[in-house]
Amino acid sequence: MTASQRIRTVGDTADVIILGAGPAGLVLGNLLRTSGIDCLVVERAERAHLRTRARAGFLAANTVRILDRHGLAEGLHRRGHEHSTCEFRTDDGRFRLDYGGLGRGERHTVYPQQELVTDLLTHYLDIGGRISFGTEAVAVTGVDSSRPSVSVRGPDGRPEQWRARYVAGCDGRHGAARRSLPSGAVRRHHRDHGVSWLGLLAEAPPSLDAVGYAIHPRGFAGHMARTPEVTRYYLQCERGESADAWSDERIWDELALRMRAAQYGELHRGPIIQRAVVDLESDVLEPLRHGSLLLAGDAASLLSPSAAKGANLAVLEAEILARALVDDLAHGDATGLERYSEQSLAYIRRAQEFSQWMIQLLHGAPDSDGGPLLHGPLGPARIESLRTSRSQQDWFAERYVGV
Ligand code: FAD
């Protein structure tokens, strides 16, 4: 028997099949389910893995408002904490910005992404949401029709084909949704900033009560609180370098040097529990809809972690998409779906522009179009105006916390 003969086609599996149980897919699933829309989430990973996959941690005030609006913020109010200060360290000294007192006066809530995902998942299951763990979406077909289908490989390895009215691609940049777009259906705006960061999680308490950005002749170093026991650090590294080339000792010595720990206070050291190289790039598709396939979160737009916007955009887009799908499926009003892409891209572009601005603040500007980033004479000028200009600080605060 050939593989195609073994495929089982299940008639109408759900009104909406959601690929991926990250922040985008789970916010969408919760909102659809609450509105009585029949949906099914398809997730490649097992449930236990989702609970431990550490990534983002800084939630914008607007993200918290969205989660509050839909009764999804209980955990983050209980276990997260508010954060509103960042500190810049350069050869010229250090200065702090209390961004919570600038711009719109908004703060971040620090809450690890894996905890948010766990809360969203628990809520989704509590309200009777359907999810298939350990199930990989292989391809989405028939997106030009009103009955698209998703080919999946389930936990037992058996291929199946599931049908819906709409498919929401919330399965990240390398997921099946992006791969299934017919060639020429969307434009891809890709920019590689030519800089790589070694993303680290340390089993150690935060070393300062602020986000730390250190600009050093040896490269950038960053410090971001996560929980009282775990801290995220970043170290600029060579492109193509292996994370395994960095021993715990080398990491801590380099962090201490670049963060000028001898001058400003020693770092709390501990075992490095996660290390991965992240190339700073943006990869945005346009439009975010092709027929009955809609994209949200990293599947729609991958942004570098330089301004911590990805998870926030994922939640925002999921809310916009949920409203549009409910309007269409429950009330026969397709206006929201027609506007979904344009509306979301307006937010994405602003976030993308600020992420790019942050990269140039931390790494300098290219000397020519497409050239490498250099901390030339203009680098300190950008930091200096952030240190001294109140209007620049207000501008920064609004974009740093906002989406
Ligand atoms: P994901 O969270 O990637 O979820 C996609 C899901 O789809 C996954 O569960 C995956 O297993 C599943 N999947 C993939 N392929 C398939 C398939 N074929 N079939 C079925 N399932 C599939 N953002 C912030 O806002 N603030 C931060 O502070 C921040 N820090 C970051 C730090 C790091 C080191 C990194 C890497 C990212 C950071 N981000 C941050 C970005 C943020 O984590 C992402 O933007 C966010 O996870 C996007 O959510 P998503 O739901 O779109 O995708």
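Modeller: The account below begins with the salt bridges and then turns to some loops and helices.

The model is predicted, and it holds 33 salt bridges. One of them joins Glu106 to Arg65, with the closest N and O atoms 3.1 Å apart. This pair connects distant parts of the chain, since Glu106 sits in the loop between strand 7 (93-98) and strand 8 (108-110) while Arg65 belongs to helix 4 (residues 61-69), 41 residues apart. Arg65, at 40%, counts as partly exposed.

Another salt bridge is formed by Arg173 and Glu281, whose closest N and O atoms are 3.1 Å apart. Arg173 lies in the loop between strand 13 (166-169) and helix 7 (176-180), and Glu281 lies in strand 18, so the pair ties together parts that are 108 residues apart in sequence. Both Arg173 and Glu281 are buried. There is also a network: salt bridges with shared partners join Glu87, Arg89, Arg94, Arg96 and Asp209. Within this group, Arg89 and Glu87 form a salt bridge in which the closest N and O atoms are 2.7 Å apart. Arg89 is buried, with a relative accessible area of 4%, and Glu87 is buried as well, at 1% relative accessibility.

The peptide bond from Glu286 to Pro287 is cis, with omega near -5°. Among the contacts of Ala243 are Arg275, Ala276 and Val277; Leu198 is touched by Ala243 too. Ala243 itself is in the loop between strand 17 (231-237) and helix 8 (248-258). Although Ala243 and Val277 are 34 residues apart in sequence, their C-alpha atoms are 5.9 Å apart. Ala243 counts as buried at 12% relative accessibility.

Arg260, in the loop between helix 8 and helix 9 (261-264), has a positive phi of about 55° although it is not a glycine. Arg260 is buried, with a relative accessible area of 8%. Ala308, in the loop between strand 21 (301-302) and helix 10 (310-331), likewise is not a glycine and has a positive phi of about 55°. Ala308 is partly exposed, with a relative accessible area of 33%.

Helix 11 (residues 335-363) has 29 residues and reaches 42 Å from its first C-alpha to its last, close to the 42 Å expected. After helix 11 comes Gly364, with a positive phi near 90°. Helix 13 (residues 390-401) has 12 residues and reaches 17 Å, close to the 16 Å expected. Its buried residues are Gln393, Phe396, Ala397, Tyr400 and Val401. These residues cover an arc of only 100° around the axis, which puts them on the same side of helix 13.

Technical notes. Residues are numbered from 1 along each chain as its sequence is written. This is a predicted model: local features need pLDDT of at least 70, side-chain atom pairs count only at pLDDT 80 or more; totals for chains, interfaces and linings use all residues. Side-chain values use heavy atoms; hydrogens and water are left out. Helices (H or I, at least four residues) and strands (E, at least two) are DSSP runs, numbered from the N terminus. The expected span of a helix is 1.5 Å times one less than its number of residues. Buried means under 20% relative accessible area, exposed over 50%, partly exposed in between (1.4 Å probe, protein chains only). The arc is that of the directions from the helix axis to the C-beta atoms. Contact means heavy atoms within 4.5 Å. A salt bridge is a side-chain nitrogen of Lys or Arg within 4 Å of a carboxyl oxygen of Asp or Glu. Lists of a residue's contacts leave out its neighbours within four places in sequence.
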